[in-house]
Amino acid sequence: MTTASLLAADLVLAILAAVGWLGGGAAAAARRRPLALGLAAVALLATLARATTVLALARVGWWFVAEKVVIAAPLSLAAVAVAGPRLLRAADDIRTVAVPLLFSGYAVSGALLVTVLHGYPVSASAGLLAVAGVVTATAVSWRLIDARPSRTVSRAAVAVAVAALLAGTGLAVAPGAAPAAPHDHAYPQARIPDEPTRRFTLTAGTTTVSVGGHDVAAWAFDAQVPGPELTATVGDVLEVTLRNRDIGRGVTLHWHGYDVPNDQDGVPGVTQSAVLPGQEFVYRFRADQAGTYWYHTHSVSDVGVRMGLYGVLVVRPGPTNGLDVSVPVHTLAGRPLPDAKVEQVAAGVPVRLRLINTDSTTHRYALAGTAFQVAAIDGYELSGATSLRDTAVLIPAGGRYDLVFTAADTPVALDVDGRRVYSTGVVSTETGGWPVLDPLTYGQPAAVPWSRFDRTFTLVLDRGLDLRGLLPRYAHTVNGAAAPDIPPQVVRRGDVVRFTIVNRSQAVHPWHLHGHHVLVLSRDRRPAAGSPLWLDSFDVRPGEVWEVAFRADNPGMWANHCHNLGHADAGMMLHLLYS
Ligand code: C2O
Ligand code: CU
């Protein structure tokens, strides 16, 4: 069983146990003896089965079970200890076990809420609030169902509930280690003299564009989606003037995957202020790394990118021969981009297809009609790329794959999620059933360049209730906290930093660190066995554990977030910090 299915199974068992106890309690109160006994039996069996799921998850990693072991297990055992013996003794009046069964139900439900609303790490406040809830609910039930508790028992219950509630709430609202206030001042912009400069101007504005024959409202650079493709040659200085015509919520340019100096990174509130209507901002940096990248607004990025504020950035190592095609894939107003394109290519011409996923979810790409190699991922060339055929690739949100092949007499075609986006003629191959490439086993391995790590961080991705804002929200969390309350990761310049990223949730999280490429060390404890993979965007699927590392060689305050931009907006965003 995969970790994701173990997590799901454990959740289902916990729900069954809760429903069994609660339903049993209700049935007992209504004197429905067989029903009460049946439901209690379901609860007991589910509790027993949970022992196996929790043990199996514990073997994958403590992150997956911490609160289940520390909070749910004692509460479940209390449930069995209270309800079990009373069930055996409930000879004639089943109603006498109603309260014990309900107590068990509250105990298991309380623990379940801790998992669903908080998760990792184990929190004393969550545990105390659960206890307060269980005691209160039990006391209330006891009063409602004839057998009145004695005064002492009710007083004790009230005291325990109040104490737990106060302690739990106090801990829950205590200020966490909030990140340093983002600096909002203007940076001096680096002048880079005497170098060949590529100048562009991008004007952001609202517009209407046509997608597949339909007019849709968009936010766009230069009134086109995607925006103009920016190209440069290694060694050029890129100078891009951003103007905002009428995007009320502001615009910036973030160079996704391009490890620019921090003050050019385009994150509003962190590296610059958002560019408001009528304003402009000039970005300037040297293109010293070849490859396929893209740019997008980072101001209300969830909405801005989805509405169309993005474009392609390609840096070539030198003059190219052959055909070089960028295929940025996007979903605009529910319609897929780009429209299918057909072009003729003469046999013998080398072709490079630059596949770019600018959406917030994974896409599946399949190149039919030719053998090909994956030459680069996220802008970095792979070593020892071997020839592939009839194999699909999955590109995470924000990620890029460069596929290369030499055109033959027969046509080729590229499908994205089964939709043809590019072809050089008629190809009738069905690509849906193809196996998917695992980049961790593709190409020629090399030794990891570091033997020790100066800093190690763990990011546990999950969902949880966030009460720190104005309105409570069900946030996407990192280590139980949501932005802006996730503590920043502080390192020193020169440190070799290792991140372990654990996905406890049921959603894919495409992880993206700004300003650095990370080297993949392992996934699910299996060391990466292919070409060194230097990534800026990688999918951490439910139940997965990734270990990645990088050298802190680009000082600043860097966003580190999920590139499902809706998740980032809903809390899954933190910062890496050093000077
Ligand atoms: Cu492409 Cu912070 O994002
Ligand atoms: Cu996510």
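**Entry 1: strand β15 and its sheet**

I began at β15, where Y380 is the bridge partner of I377. The model is predicted: local features need pLDDT of at least 70 and side-chain atom pairs count only at pLDDT 80 or more, while totals for chains, interfaces and linings use all residues. Residues are numbered from 1 along each chain as its sequence is written, chains are lettered from A and ligands numbered from 1 in the order in which they are written, and side-chain values use heavy atoms, with hydrogens and water left out.

I take helices (H or I, at least four residues) and strands (E, at least two) as DSSP runs numbered from the N terminus. Two strands count as paired if DSSP finds at least two bridges between them. β14 (residues 373–377) and β15 run antiparallel and are joined by 2 bridges.

I then followed the sheet across. It is open and has 6 strands, in the order β10-β9-β12-β17-β14-β15, with mixed pairing. β10 (335–337) and β15 (380–381) are the edge strands, each pairing on one side only.

I looked at β17 (residues 400–406) from both sides. β12 (residues 350–357) pairs with β17 in the antiparallel sense over 7 bridges, and I356 stands opposite R400 there. β14 is also antiparallel to β17, through 4 bridges, with A376 opposite D402. Of the 7 residues in β17, 6 are buried; buried means under 20% relative accessible area, exposed over 50%, and partly exposed in between (1.4 Å probe, protein chains only).

**Entry 2: backbone exceptions**

I looked up the positive phi angles next. D378 is not a glycine, yet its phi is positive, about 50 degrees. D378 sits in the loop between β14 and β15, and its relative accessible area of 1% makes it buried.

R31 is not a glycine either, and its phi is about 60 degrees. I checked α1 itself: its 27 residues reach 39 Å from first C-alpha to last, close to the 39 Å expected at 1.5 Å a residue. The expected span is 1.5 Å times one less than the number of residues.

I also noted cis peptide bonds. One runs from Y120 to P121, with omega near -5 degrees; P121 is in the loop between α4 (98–117) and α5 (124–144). Another joins A483 and P484, with omega about 5 degrees, and P484 is in the loop between β21 (473–478) and β22 (489–490).

**Entry 3: the copper ion**

Which protein atoms are the donors of the copper ion (ligand 2)? I found H509 (ND1), C562 (SG) and H567 (ND1), lying 2.0 Å from the ion. Donors are N, O and S atoms within 2.8 Å of the metal (3.2 Å for Na, K and Ca); water is not among the atoms, so sites may look incomplete. The spacing of the donor residues in sequence is H-x52-C-x4-H. C562 and H567 are both buried.

**Entry 4: cores and contacts**

I moved on to the nonpolar cores, sets of buried Ala, Val, Leu, Ile, Met, Phe, Trp, Tyr and Cys residues joined through side-chain atoms within 4.5 Å. The largest has 56 residues, and L353, V374, W511 and F538 touch the most other members. Another core lies apart from it, with 26 residues, including F221, F281, A287 and Y295.

I listed the contacts of F538, a contact being heavy atoms within 4.5 Å. Beyond four places in sequence, F538 meets P396, I501, H509, P510, W511, V518, W546 and V548. One of these contacts, H509, is also a donor to the copper ion.

H575 is in strand β31 (residues 573–578) and is buried, with a relative accessible area of 14%. Leaving out residues up to four places away in sequence, H575 touches V270, P488, Q489, M557, W558, A559 and N560.

**Entry 5: the whole chain**

I closed with totals. The protein chain has 8 helices and 31 strands, and its C-alpha trace spans about 90 × 55 × 55 Å along the principal axes. Of its 579 residues, 53% are buried. Among contacts with a separation of 6 or more, 76% are between residues 24 or more positions apart.

The accessible surface comes to about 24,300 Å², and 60% of that belongs to carbon and sulfur atoms. Areas are from the Shrake-Rupley method with a 1.4 Å probe; for residues, only the protein chains shown count as cover.
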